[in-house]
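Subject: Handover of a structure and notes on its contents

Dear colleague,

Please find below the structure that I am handing over to you.

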Amino acid sequence: MSSKNIHANQKIFCAGFDNGYGSVKLLVDGFDVVRIPSYISREEMEDVPGRVVFNGNAYTVGESAFRTGYYFERNTDNNINKINNALITLLGALAHLPHRKVWHLKLVVSLHDVALTDDLLRVLNGEYQPMLAGKLSDVKVEVLKVVPEGMGALFGRKLPKKLTVVDFGNGTTLYSRYNQGKREVHTPYAAGVEVLIGEIAKKMKHLNGGKLGDLSKIRFCLEMGHTKYSRDIDIKEVYTTCLKDWYESYLKKPVNLALDAKHQGDEIWAIGGGCLLPGFKKLLIQNGFEILENPVEANSYGLLQMAKAIVMTVNS
């Protein structure tokens, strides 16, 4: 992780935090983005990146949780995990960055349901003394603002007068419409990429010795842009069939709404990890969607810019 240009004594950092169902994205000013799976393990592990010892409990957050080979909790397993696990996943993301004795984070956070803002603030705000990857840190978390999921991706961009955005996330697909920069419609559909992965897991039993596929292994290969589940198993045919079914059953409605909006003069943009599924990106582009550059991390980049703008306003 690069930390050049950062004063050794600096303690206060602006940051954007996107605690997604599928992956955690943390972007601290001056560092590379941390993007890790939203997994938490309580197994014994070495002081690996993502290892957090805090309040008498030990956790491993991110890919290392998956690598234990044992049970781990996933944000996507329960709607409330995004709130309840927020501090642990934030600390786990910090434990992937170069060690600092003091972190004072001024955060802008995105949330799928802003009605839960107060709950999230209670979980995150405060001062903590965790061990991060084996080293003690003083961490102060100050949430400057909580914004609806996907809003960060639009911050600082020149928006067309009429705009429709579809966010293809892991847990949800979000359909939003904007008029002159103001959001008019925001409809979540509870059928993200996780539904597709669940279907693949069921349909690949004949390839996997009669057993369900491992959800995390399926997700991992798709995120890598291929369909090689393991050295011996390629799920390409199953994936192609399930992708069509998933689209027809769940995505057709928000995509068709976006295409109707395009007909009414909207530009249509796509963000979220689902954009990058093998073969799906091409389909979206053919239908006139503009896929934002870096669609998975676009939200966290905007959240950081929001944090910096708020701090500048307060200090000016």
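Predicted model: local features only at pLDDT ≥ 70, side-chain atom pairs only at ≥ 80, totals over all residues.

As general background, nonpolar side chains in soluble globular proteins tend to be buried together.

How many of the residues of α3 are buried? Nine of the nine are buried, so this helix is largely enclosed by the rest of the structure. The buried residues of α3 are A86, L87, I88, T89, L90, L91, G92, A93 and L94.

Leaving aside residues up to four places away in sequence, L124 touches F17, A86, L87, L90, V109, V141 and V143.

I turn next to a sheet. Strands in a sheet pair through backbone hydrogen bonds, in either a parallel or an antiparallel sense. The sheet described here is open and has six strands in the order β7-β4-β6-β5-β10-β11, with antiparallel pairing. Which strands stand at its edges? They are β7 (73-74) and β11 (135-136); each has a single partner strand, so one side of each is left without a neighbour in the sheet.

The pairings inside the sheet can be followed strand by strand:

- β5 (residues 51-54) and β6 (residues 57-61) pair in the antiparallel sense over four bridges, and F54 stands opposite N57 in β6.
- β5 and β6 also form a hairpin, with two residues between them. In the turn, N55 has a positive phi of about 55°.
- β5 pairs with β10 (residues 131-132) in the antiparallel sense over two bridges, and V52 stands opposite L132 in β10.
- β4 (residues 39-41) runs antiparallel to β6 and is joined to it by two bridges. Here S41 stands opposite T60 in β6.

The two largest pockets

The largest pocket holds about 520 Å³ of space. Its lining has 32 residues, and F168, G169, N170, G273 and G274 lie nearest the centre of the pocket. Two or more lining residues come from each of β2 (23-28), β13 (162-168), α5 (193-203) and α6 (215-223). The largest share, three residues, comes from α6. By class, the lining of this pocket divides into eleven nonpolar, 13 polar and eight charged residues.

The second largest pocket has a volume of about 220 Å³. It is lined by S23, R35, I36, P37, Y39, E63, F66, S216, R219, F220, E223 and M224. At least two residues of this lining are supplied by each of β3 (34-37), α1 (63-67) and α6. Which element gives the most to the lining of the second largest pocket? It is α6, with four residues. Six residues of this lining are nonpolar, two are polar and four are charged.

The largest cavity

A search of the whole structure finds three cavities of 30 Å³ or more. The largest cavity has a volume of about 70 Å³. The residues that line it are E149, G150, M151, L154, V165, D167, L174, Y175, S176, Y178, H186 and I271. The elements that give two or more residues to this lining are β13 and β14 (173-179), and β14 contributes the largest share, four residues. The lining divides into seven nonpolar, three polar and two charged residues.

A buried loop residue

Finally, I draw your attention to T172, which lies in the loop between β13 and β14. Is T172 buried or exposed? Its relative accessible area is 18%, and a residue counts as buried under 20%, so T172 is buried. Not counting residues up to four places away in sequence, T172 touches Y21, D167, Y189, A190, A191 and G192.

Yours sincerely,

A colleague

Notes: Residues numbered from 1 in each chain as written. Heavy atoms only, no water. Contact = heavy atoms within 4.5 Å. 1 Å grid on protein atoms, 1.4 Å probe; cavity = no way out; pocket = protein on both sides within 12 Å on 5 of 7 lines; lining within 4 Å. Points joined across faces, edges and corners; volume = space filled by probe spheres on them. Nonpolar A, V, L, I, M, F, W, Y, C, P; charged D, E, K, R; others polar. Buried < 20%, exposed > 50% of the residue type's maximum accessible area, 1.4 Å probe, protein only. Pairing = 2+ DSSP bridges.
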